[in-house]
Protein chains: 2
Amino acid sequence: MADLSTDQIKALVFDVFGTVVDWRGSLIREGVALGEAKGIQVDWPHFADEWRREGYHGGMARIRGGNAPYMSTDGLFRIKLDELLPKYGIGGLSEAEVAHFSRVWRRLTPWPDAVSGLTRLRRKFIIAPLSNGTFATLTVMAKSAGLPWDCIISTELRDTFKPEPEAYRLPGTLLGLDAEQIMLVAAHVNDLRAAQENGLRAAFVPRPLEWGEDGAHEPAPDRSVEVVASDFLDLADKLGA
Amino acid sequence: MADLSTDQIKALVFDVFGTVVDWRGSLIREGVALGEAKGIQVDWPHFADEWRREGYHGGMARIRGGNAPYMSTDGLFRIKLDELLPKYGIGGLSEAEVAHFSRVWRRLTPWPDAVSGLTRLRRKFIIAPLSNGTFATLTVMAKSAGLPWDCIISTELRDTFKPEPEAYRLPGTLLGLDAEQIMLVAAHVNDLRAAQENGLRAAFVPRPLEWGEDGAHEPAPDRSVEVVASDFLDLADKLGA
């Protein structure tokens, strides 16, 4: 780990899906409730993983690769949902019910340490998401989950996605800070590496349950990551907040 | 006053300088403290009014009229300050001191009802600034003053200023809402009128002391304004929050 000279840090920006909120557990819970209400049996863990992997990651990859025009992640989620509902045999939903389920991404549950950790970190730093979620999704999610952000930073503000360099320049531009005054907190090594390549500092907080008990695990970050913390409370300790 | 059917309102956006915070009183207080520290006598009320009127309003008018390229209001404030310091005989400030004083706009004091009123309103609505202040200024001001915004909306995000139409389209675009689901709260009639012309709802909260005891007063709004409230607590009452 690099020498921990964090005094110059003014802002912490956070990856959200997976790092702050448990998207998979939240989706499964809402799916199970929907299935019970409709009397349908669905493999919700598999449904959640496919929606996330192919709708979100796959959709952004097509756009970043030049194979599709820009669309926000709200749009990507909805298009994939419209494919998945018949594929998983989920019928009989009204348009209002589909629209509501599509916005489950606005109702995700934080990891247990997230709100208390952010509340401590906020006393010392500007804290904001830096997410590919839309501005609206991040705003409504924060209200629903009690995430005490100082402002909302979505890559949608530049019609781009992480890990494009423009995404990592956004917080500095908006907050009037130099890149080295900003630290990205994320559970994903590729996000941290791209942040560092664009001059940001990096803190790794592993979330080993992101893809479930038997799901894929992130590799360990390399030694250039300045802080490794077990959760957001440990991060607050290590950053003196 | 129009029929008060506010059930469909999802978000309240607020003019900030004058409506939420007392920019003039705050500037005068910091000016007096600076003058005492430096042993200089300055007409701070006059200084504050000139900085506001010519630096901010005048600067935006030149840009909107096509007579100057776009510059954020942070830049406009700094350029005007550099003119006003010698004009008012304020010398002997280091660059760091000038930069600090230029950012007094990030340290403005809210009107006495603002924080408690916003805290109530936030329980029912998404609340955000819709201001010509920069994203950085609005974010730091909120932290300093305890303004509990759900997100920060600055016209800087579109390189524009109120009352340009694009400024009033911004909250709907970012929040994924229709114009009629959004209400602007402002102490300024021209801001409310432009909001209504672009489909937003309008609430008037007079701030008769904005320009001081003997300063200019806003005219009364016309009858198309849906809500007139004496302060943010009265606004919360009238909107059922």
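Author: What follows describes the sheet in one chain, then a residue in the other chain, and finally the relation between the two chains. The model is a predicted one.

In chain B, six strands make up an open sheet, and their order across it is 5-4-1-6-7-8. The pairing of these strands is parallel. At the edges stand strand 5 (153-154) and strand 8 (227-228) of chain B, each of which pairs on one side only. In general, the strands of a sheet pair through backbone hydrogen bonds, and they may do so in parallel or antiparallel fashion.

Within this order, strand 6 of chain B (residues 182-186) is joined to strand 7 of chain B (residues 201-204) by four bridges, and the two run parallel. One position in this pairing may be named: B:Ala186 has B:Phe204, in strand 7 of chain B, opposite to it. Across strand 6 and strand 7 of chain B lies helix 8 of chain B (residues 189-197), whose direction makes an angle of about 170 degrees with strand 6 of chain B.

A residue of chain A may now be considered. A:Phe14 is located in strand 1 of chain A, which comprises residues 11-14. A:Ala187 is 173 residues from A:Phe14 in sequence, yet the C-alpha atoms of the two are 9.3 Å apart in space.

The chain as a whole provides the setting. Chain A contains nine helices and eight strands, and 43% of its 241 residues are buried. Of the contacts in chain A with a separation of 6 or more, 65% are between residues 24 or more positions apart. The radius of gyration of chain A is 18 Å, which agrees with the value near 18 Å for a compact globule of 241 residues. The C-alpha trace of chain A spans about 55 × 35 × 30 Å along its principal axes.

There remains the relation between the chains. Chain B is superposed on chain A, with an RMSD of 0.0 Å, by a rotation of 180 degrees with 0.0 Å of shift along its axis. The two copies are therefore related as by a two-fold rotation axis. Both copies use the same surface, in that 100% of the contact residues of chain B recur in chain A. Among the residues of chain B, B:Cys151 comes closest to the rotation axis, its C-alpha atom lying at 2.5 Å.

Note on methods:
Residues are numbered from 1 along each chain as its sequence is written. Chains are lettered from A and ligands numbered from 1 in the order in which they are written. This is a predicted model: local features need pLDDT of at least 70, side-chain atom pairs count only at pLDDT 80 or more; totals for chains, interfaces and linings use all residues. Two strands pair if DSSP finds at least two bridges between them. Two residues are in contact if their C-beta atoms, placed from the backbone, lie within 7 Å. Axes are lines fitted to C-alpha atoms, for helices over the stretch in contact, and angles run from 0 to 180 degrees between N-to-C directions. The radius of gyration is taken over C-alpha atoms; the globule rule is 2.2 Å times the number of residues to the power 0.38. A residue is buried if 20 or more other C-beta atoms lie within 10 Å of its own, exposed if 12 or fewer, and partly exposed in between; C-beta atoms are placed from the backbone. Copies are superposed by least squares on the C-alpha atoms of residues with pLDDT of at least 70 in both.
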